[in-house]
Amino acid sequence: MATLYINEKKKKGHINPEIYGHFSEHLGRCIYEGLYVGENSEIPNVNGMRKDVVDALKEMQIPVLRWPGGCFADEYHWKDGIGPKADRKKMINTHWGGVVEDNSFGTHEFFELCEQLGCKTYVNGNVGSGTVQEMSEWVEYCTFDGVSPMADLRGENGHEKPWKIDYFGVGNENWGCGGNMTPEYYGNLYRRYQTYVRQYNNDAPIQKICCGANAADYFWTEGVLKTCTAAPAPGPDADNPGFMNGLSLHYYVHPGGWENKGSATEFDSKIWYQTLCKAIYMEELIRRHGAVMDQYDPQKKIGMMVDEWGCWFDVEPGTNPGFLYQQNTMRDALVAGITLNIFNKHCDRVKMACIAQMVNVLQAVILTEGPRMVLTPTYYVFHMYRHHQDAELVESYVEGNQSIGEEAAYQVPQISESVSVGEDGTVNITVNNLSVTEDVPMEISFAELVPSRIEAVILTGAMCAHNTFEEPENVKETGFCDYKTEANKIRFTAPPCSVISFRVGQ
């Protein structure tokens, strides 16, 4: 038996809602067909946004949305995406499939989508091929409330009132597709560009995000922070080390490496454990990048923003390889559960994360095909974990947590978990059984709480199980009642390949 000990009285940090964020790039069918179908589409929509998709995302309580990229961000010129749609400049999406981008989804459409979702906005600016002036004018266009060239232009395009940019990324993956820069060169560019991301409304400050590392590139983290913190930030930014509020981190899980990502739906138990082991590697990345950040920001004022993460497998057979369309199984669900548990437990440093991507791309929470929509196993994990948003992390650990796996190099703990307490005192518990075949008898033991109110749901299925447009409910969240209580304990058995959520009150 494995015992999950919970000290619900010992708070260890605040779980930012933004840890449960999402990413939408102009890539494949994420924006077009997935989120945006246009006002004249026969698919039900509100101002061009797919109603079924928006409704599902609202149910999942999405806290923040990142846009327009990704690699696309550093070739995106925002003025091409405003004004009458018939007049908008067309371009080639050189990164993703070489298709024509008609810019019918631009700044106004993004803020419209976020308003419908009720989520915060994360805009990624162009450093790789854009100018300081272009970035500065975009911020002015979006946020300035008054008389100015860009505010006037916004009004001419039909939106008198300014929007709110909650987060602004100064470039994306500038170590690679964003310009192949060195950390010192980018660090100096960041210092320059961020200067002109003006704070026009002190009541609605923009959080500035610096481009961080790819996976285990600790050299990049060190070089950028050393460059950006070479001198104290003057004036109003004095409490903002390195002129930044956040430093990004990107990490994708693919069991066979970049050259052999493998099928999204056809794999064996050996590949299952390899994948989950690589998901758990996120723990080491956060710890080691966090240690570098601690040298330059010991007070943890700079948030770690893991604004691209998730599984990256081979595309579905017969689809455009540049569209990155892949299916989503219980393996993806466990990767999501493991990763979100890790983010929760590192909420002192991790302040935002965005799974890649929202619809029809990589580890999507939703897939669409014409008028049809299907929710993926990953969607249900985010739905089950939504109660952790804005809650307080509390102390928890598992005694009797065995190591499992078929290869010595890819052993994983059988149980992954995290626990938080909401504002109303409800204890939120998320437990994953990583085993392909074995049940795990478990006991939850609270320090003081005697459970009198329990709500529980479960997501489980065979390791390759997934939802299709023909069978959309093969894998779905269902009620879980197979538990017993005694004094301050809950006893249950976690089935193999399962994610379980408990909400416990007294």
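1. Aspartate 294 has a relative accessibility of 31% and therefore counts as partly exposed, and this value, like every other in this note, comes from a predicted model. Its salt-bridge partner is lysine 300, the N to O distance between the two side chains being 3.4 Å. Lysine 300 is likewise to be classed as partly exposed, because its relative accessibility is 28%.

2. A further salt bridge links aspartate 297 to arginine 349, whose closest N and O atoms lie 2.9 Å apart. Aspartate 297 belongs to the loop between α7 (269-296) and β12 (303-311), while arginine 349 sits in the loop between α8 (330-345) and β13 (350-356), so that the pair ties together parts separated by 52 residues in sequence. Both aspartate 297 and arginine 349 are buried.

3. For the structure as a whole, the number of salt bridges comes to 25.

4. The pair formed by arginine 29 and glutamate 33 is also a salt bridge, with 3.5 Å from N to O. Arginine 29 is assigned to the buried class because its relative accessibility is 17%, and that class requires a value under 20%. Glutamate 33, by contrast, has a relative accessible area of 42% and is partly exposed.

5. Turning to the helices, α3 (132-143) is made up of 12 residues and reaches 17 Å from its first C-alpha to its last, which is close to the 16 Å expected at 1.5 Å a residue. This helix is mostly covered, with 11 of its 12 residues buried; among them are Met135, Trp138, Val139, Tyr141 and Cys142, together with the acidic residues Glu134, Glu137 and Glu140. The elements covering the buried residues of α3 include β5 (64-67), α2 (107-117), β8 (120-125), α4 (149-156), β9 and α5.

6. The buried residues of α5 are Pro183, Tyr186, Gly187, Leu189, Tyr190, Arg191, Tyr193 and Gln194. These buried residues pack against α3, β9 (167-170), β10 (207-214) and α6 (218-228), and α5 is in turn one of the elements that cover the buried residues of α3.

Technical notes: Residues numbered from 1 in each chain as written. Predicted model: local features only at pLDDT ≥ 70, side-chain atom pairs only at ≥ 80, totals over all residues. Heavy atoms only, no water. Buried < 20%, exposed > 50% of the residue type's maximum accessible area, 1.4 Å probe, protein only. Helix = DSSP H or I, 4+ residues; strand = E, 2+ residues; numbered from the N terminus. Contact = heavy atoms within 4.5 Å. Expected span 1.5 Å × (residues − 1). Salt bridge = Lys/Arg side-chain N within 4 Å of Asp/Glu carboxyl O.
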